[in-house]
Structure formats: structure tokens, C-alpha cells
Amino acid sequence: MTRSARALFTILGLTALTIALSGCGVGGLSPIFPEPVSPNGQAIYNLYLGISIPAIIVFVGYEAALLWVAIRYRRSRQPAGYTPPQVHGHTGVELIWTAIPLVIVLTIAVFSFVALQNYFQPINDQQMQVTISGHQFGWDYDYGNGVVVHQEGSLTSSVEPFVVPTHTLIKLQFAGTDVIHSWWVPAISGKTDAVPGYYNYSWMKIDRVGQWRGECAELCGVGHASMQIIVQAMDQPDFDAWMAQQKAKATAAASPSP
Ligand SMILES: [Cu+2]
């Protein structure tokens, strides 16, 4: 094996190892798409697979053809002074390699547009609404009943979870109080910017109990890394108990004993 071939295999091996290790989810977010738990997250997941699988097939096929030509027709196998056929333009081939990518890009555009229309518009039939505001550096979740969860923390500290009930359509209203942040929990929905001055909207509906991780996806300053997100879904009775506890805490904080 030549030196360059060995170097190539080393790089490929290290890349594979990096991806495998970061996929373990030791503290960090996985580079592999997580299993979606909300219908809008499922829509992104389906698009992701629909685009990635054909793209991987095209990539592997193209690279294999390129390598085959480069090896099979390499200079050392040709007679000395050999000049390959000189081809200048071919209307048929040029039409084909323009039309195929055009069809591919238009197909992706149509599917993306349909997903955006179906799953990423503000909703009106919500059963609950939470206002999420991003600030330097953390998130506040206002349930609209006096309870606000403050979420702040990096990978090494504990992060207060944003608690939601299962089987409930929750409208999310996003605001920014200083600079632009972006709320992103890959398993639940797409990135939604929290912008000062106006509201952005998204929603979630989670049908099982669990915890999902996310983080601020817009570089917002020196404490950006401490804008970690944890969403915790509980069944309705557990959620009601949690909410009662939070209400008691909020009342106690509002009226401290003398
Ligand atoms: Cu941020």
C-alpha cells in the first residue's frame, strides 16, 4: 500500500470513529438525526431521509465511476505519447445534465414547501400555550398562569427541564429580550428564532413520556454554550402535580414571610 493510500485510509478511519463516538451521546448532541417525537419533527425527519438516501446513492455511484475511470484509463497503461479523443460539446449530454439536477432540486423544493405549509405554520387549535423567551444566556418558559421556568446551564451542570404534558397540542410563542436566539430540540421541531421585537411561533405534541435535549442554535454571545435545553414530557396527572408544586413555589416567592 502506498503512503498516500495509507494516509487516506487513516483519515477515513478517524472520521468514522469520530462519528461513532459522538453518536454515543456522551453529553453532546448526536450528529445522527434523533427519533422524532412530535409530528413536525417527524416531517423534518422524513424530508431528511428522502433527501439523504438518494444523495448518498448518487454520491457513492459517482465516486465509484470516477475512481474506476481514473484507475482503468490511467496514463501508465496508455501507449507513450497517447492523446485521448478531444470532444468539444455535446448538446444531448448537456441537456441531460442540466435537466436531471433541475428535476432533483425542484422535487426537494416542492416537498420542503409542502412540509412547511403543513407542519410549520402558527396553529389556532392549541390546548395550551407557552411563551418561550431567550435572553443572554438562558430561556424562560411562561405558562401564562404565573408559573415561569428558568432554564440555564451548560453540559456540565444540571439544566431545569421545560415540563409539558403528553397528548397535548402546545403552541409555542417565541420572543427574544436582547439578541436573536434560536430554540432547537431536533427530536421535536425545527429551529425557531427568538427575535426581539416580534413573535415567532411553533408547536409540539408529544405522545410519550421522556426527556429530549436541545440547545440555542444561534451564536448569541459569550454564554451561548449555557443555553442548553431539556424538554420533559409527563402524563397529565404527573404534570398537574408538577404544576401545583410550581404554583405553590411562585406564591411563596411572591409573598415572603416577615
Ligand atoms: Cu442564545
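How many buried residues are there among the 19 residues of H4? The count is 0, so to speak a helix that is hardly covered.

**View 1. The whole predicted model.** This is a predicted model, where local features need pLDDT of at least 70 and side-chain atom pairs count only at pLDDT 80 or more, while totals for chains, interfaces and linings use all residues. Numbering starts from 1 along each chain as its sequence is written. The protein has 4 helices and 10 strands, taken as DSSP runs numbered from the N terminus (helices H or I, at least four residues; strands E, at least two). Of its 258 residues, 20% are buried, meaning 20 or more other C-beta atoms lie within 10 Å of a residue's own, with C-beta atoms placed from the backbone.

**View 2. The open sheet of 5 strands.** Its order is S3-S2-S1-S5-S8, and the pairing is mixed; two strands pair if DSSP finds at least two bridges between them. Strand S3 (148-151) and strand S8 (200-204) sit at the edges, each pairing on one side only.

**View 3. S1 against S2.** Strand S1 (residues 128-135) and strand S2 (residues 138-142) run antiparallel, joined by 5 bridges. Look for Gly134, which stands opposite Trp139 in S2.

**View 4. Helix H4.** Residues 236-254 form this helix of 19 residues, which reaches 26 Å from first C-alpha to last. That's close to the 27 Å expected at 1.5 Å a residue, the expected span being 1.5 Å times one less than the number of residues.

Technical notes: A residue is buried if 20 or more other C-beta atoms lie within 10 Å of its own, exposed if 12 or fewer, and partly exposed in between; C-beta atoms are placed from the backbone.
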